[in-house]
Amino acid sequence: MLQQKDAAGIDYIEHAIAINPDHLISGCELIYAFLKQQGQIEAANVYQKRAQNHYELVLRARQERSTISHTNEFQPHGLPADAVQELCEQLSGYEQIKEAYLVRKVVNYFPEKPFYVLGVKRHHPWHKLNLSHLDTELLNKLVAEIQLAGQVYVLILNDLNDENGYNQKIGKIIGKIEGAPIYRR
């Protein structure tokens with residue numbers, strides 16, 4: 001509609017944004033271009049500013065979700081039993097995993113979009129001394145292969161590469177959260 005110079009298209013874009021806020025930036029860009037083309041510079045600038053503000057929030061959310069620390073706040077994952085069962089079935093395909101914990105990190109930006117933390121403990125055979133590369137391989141496979149609705153941060157809780165013990169500290173914290181232990185071999 002906007003391509004045909006019909007301003008009624010703005011309402012449709014606004015409705016699409018209301019249904020799915022992930023379309024806010026692209027929707028505002030379309031409306032901005034249309035209004036600017038129509039000579040409505042002030043109205044166009046409102047949409048440009050709205051898109052910029054949302055983009056800044058997206059960047060803050062990415063930053064907030066880029067790391068996990070023992071100082072973060074965690075809560076129960078809140079997933080239905082069938083979703084947890086499906087995740088456990090996926091985890092059962094990794095024979096080196098002996099335990100898994102799932103929680104949700106408390107986030108300030110877009111809290112309606114869950115950010116899960118999946119912590120796994122791997123089995124370290126006593127007869128193999130240097131397994132640190134295997135921890136990295138397992139982590140990379142889990143990140144690439146695990147499917148869960150929502151964003152997931154995966155960490156090996158007993159990672160041999162974790163010289164400062166940060167993952168173990170996180171493991172102790174999330175292990176105490178109700179419903180966090182989801183898998184044991």
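Predicted model: local features only at pLDDT ≥ 70, side-chain atom pairs only at ≥ 80, totals over all residues.

Student: Which residues of α1 are buried?

Tutor: In α1, which spans residues 9-19, Gly9, Ile10, Ile13 and Ile17 are buried. They sit on the same side of the helix, because they cover an arc of only 105 degrees around the axis.

Student: And what's on the face turned away from that buried side?

Tutor: Exposed residues: Asp11, Tyr12, His15, Ala18 and Ile19.

Student: OK, switching to the largest nonpolar core. Which residues touch the most other members?

Tutor: Leu87, Leu91, Ile97, Leu102, Leu118, Leu142 and Ile182, out of 20 residues in that core. Elements giving two or more residues to this core include α4 (81-91), β2 (97-105) and α5 (132-145). The largest share, 4 residues, comes from α4.

Student: What does Leu91 touch, leaving out residues up to four places away in sequence?

Tutor: Leu91 touches Ile97, Ala100, Leu118, Leu142, Ile146, Ile182, Tyr183 and Arg185. Another core, of 13 residues, lies apart from the largest one, and Tyr101, Leu157, Ile170 and Ile177 are among its members.

Student: New topic: backbone. What's phi for Lys5?

Tutor: Positive, about 60 degrees, although Lys5 is not a glycine. Lys5 lies in the segment before α1.

Student: Is Lys5 buried or exposed?

Tutor: Exposed, with a relative accessible area of 54%. Phe110 also has a positive phi, near 55 degrees, and lies in the loop between β2 and β3. Phe110 is buried, though, with a relative accessible area of 18%.

Terms used. Residues numbered from 1 in each chain as written. Heavy atoms only, no water. Core = buried A, V, L, I, M, F, W, Y, C linked by side-chain atoms within 4.5 Å. Buried < 20%, exposed > 50% of the residue type's maximum accessible area, 1.4 Å probe, protein only. Contact = heavy atoms within 4.5 Å. Arc of directions from axis to C-beta.
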